[in-house]
Amino acid sequence: MSRLVVVSNRVAVPDAQSATSGGLAVALRDALQSCGGIWFGWSGRTAAHTADEPTIAQVGPVTYATVDLGRKDYNEYYNGFANRTLWPLFHYRLDLADFSHENYQGYRRVNSLFAEKLRPLIEDDDHVWVHDYHLIPLGLELRARGVEQPMGFYLHTPFPAMEVLLALPSHELLVKSLCAYDVLGFQTENDLRAFRDYIHYEVGGDLLDDRTFQAHGRLVRAEVFPIGIEAGQMEAAAERAMELGAARRLDRSLGTRPLMIGVDRLDYSKGIPERFRSFERFLDTYPDHRGQVSMMQIAPLSRSEVPEYKTIRETLEGLAGYINGRYGDFDWMPLHYLTKNFQRETLAGFFRLSRVGVVTPLRDGMNLVAKEYVASQDPNYPGVLVLSRFAGAARELDAALLVNPLDHDGVAAALNKALIMSLDERRERWNAMYARVRENSLERWRERFLTALRAVPTPLAVRSGA
Ligand code: G6P
């Protein structure tokens, strides 16, 4: 089997991974290990200047090639264009998007530099798989350097509706860059439709069938590959966690009181302030639950140097203090708000102990926490998932209580419904969701994408007429 070249903004070099690096990193590493290859990207470190050459670490058949970014590149490419322009735009937050040309130049510069450093490492019959919004122009940059090998791109975030994307000054080049790939993967039908609309109406490309189009002189396959989790591993982790200190302590502290849980990176796309307001509405509207039900929100800090993330943090601190001050009592705290990070296994235990999983992003590519919550439940006594209809996961997990996170009364009613739901209904809904989570595993996602990528003829095959 030919080698695989994976490119992502962050590279999880084994041993150097953080406590939270989980499913995806492992799934990609497994693929690399079975066919050999390279994982290329940012080291996660910054320095005064961007490194001239990547640092190479050979682990078995896999070469990890990582680049330290200089402060300017880090600010303009990562904090700047990727996370202050594309991230809010792709999550429908035009109000938060910043359109600085300087950041855009930084984004182009780092993509071009990555292509420059990666080019000599690519061999003739390699297949290249690029991940996420940080690296959209990479394919075009590699093509400009003579890379004819099959290249795929997977977008982990939503792809915005055409009218939203048009607000981006550089939208044309961005989409042209996407057309440099042979295979494009999206999370949901919605994202694919938005992309095809743009190709049809803006570029005037030909939509040949459901998944193939021709634009910018290239034939491209664009398809939906919803990302999944390894349900069995999460399930086992949840069972193990029940024997561990943290879950046991949480269990003891709860007694018979039900817990609702939210776990998200501290990001405005996750709808955490809206969730807190809905929780407040819930306490107001359903006073019987006061003194009984608590919500635990775990929100590890993320992208802390980006101003919008500082603002959301302050907002949450204010709201949590307000809600606890207003409703809390000497023996009961309604909201437990934590910004610390927990091990995956501990979280699995917390999920299992929580009667309600609250996953209410304003917009999310998929949201794997929703799937992890489902996989962590005790089958005999499962909890209820309250899920935003704007998370990609809502497509598969339609047996959850689907909500509009902006509708505080609606979310409050769903929280109440989740708490009073009969065990029979809980089991019925959970069985339906669990079957979907098991079926669409992370491995299946990876293999479906790689099969599509491997179906693209390599330049060697084309030349030899194979
Ligand atoms: C999202 C993105 C990923 C990113 C992750 C963590 O899930 O789609 O590409 O790695 O957030 O964000 P960070 O900025 O810390 O890499």
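Reader: Where is Asp 132 placed?
Author: Asp 132 sits in the loop between strand 5 (127-131) and helix 4 (138-144). Helices (H or I, at least four residues) and strands (E, at least two) are DSSP runs, numbered from the N terminus. This is a predicted model: local features need pLDDT of at least 70, side-chain atom pairs count only at pLDDT 80 or more, and totals for chains, interfaces and linings use all residues. Residues are numbered from 1 along each chain as its sequence is written.

Reader: Thanks! What about the phi of Asp 132?
Author: The phi of Asp 132 is positive, about 75°, although the residue is not a glycine.

Reader: And why does Asp 132 count as partly exposed?
Author: Because 18 other C-beta atoms lie within 10 Å of Asp 132. A residue is buried if 20 or more other C-beta atoms lie within 10 Å of its own, exposed if 12 or fewer, and partly exposed in between, with C-beta atoms placed from the backbone.

Reader: Which residues surround the ligand?
Author: Asp 132 is one of them, along with Asn 9, Arg 10, His 156, Thr 157, Ser 302 and Arg 303. Being near a molecule or strand takes a C-beta atom, placed from the backbone, within 6 Å of it.

Reader: How does that shell split by class?
Author: The shell around the ligand has four polar and three charged residues, and no nonpolar ones. Ala, Val, Leu, Ile, Met, Phe, Trp, Tyr, Cys and Pro count as nonpolar, Asp, Glu, Lys and Arg as charged, and the others, Gly among them, as polar.

Reader: Switching to Tyr 92, what is its phi?
Author: Tyr 92 has a positive phi near 65°, and this residue is not glycine. Tyr 92 lies in the loop between helix 2 and helix 3 (101-118). It counts as partly exposed because it has 17 C-beta neighbours inside 10 Å.

Reader: OK, domains next. How is the chain divided?
Author: Into domain 1 (4-227 + 441-455) and domain 2 (231-439), with bounds from an automatic or database domain assignment. Their C-alpha centres lie 30 Å apart.

Reader: What strand order does the open sheet have?
Author: Its 10 strands run 3-4-2-1-5-6-7-10-9-8, with mixed pairing. Two strands pair if DSSP finds at least two bridges between them. The edges are strand 3 (55-59) and strand 8 (206-207), each pairing on one side only.

Reader: And how many bridges join strand 1 to strand 2?
Author: Six, between strand 1 (residues 4-10) and strand 2 (residues 37-47), which run parallel.

Reader: Last stop, strand 14: which way do its residues point?
Author: In strand 14 (residues 356-359), Val 356 and Val 358 point one way, Gly 357 and Val 359 the other, and all are buried. In a regular strand the side chains alternate between the two faces of the sheet. Strand 14 pairs in the parallel sense with strand 11 (residues 259-263) over two bridges, and with strand 15 (residues 384-388) over four, also parallel.

Reader: What does Gly 357 stand opposite in strand 15?
Author: Leu 385 is opposite Gly 357 there, while Ile 261 has Gly 357 as its bridge partner in strand 14.
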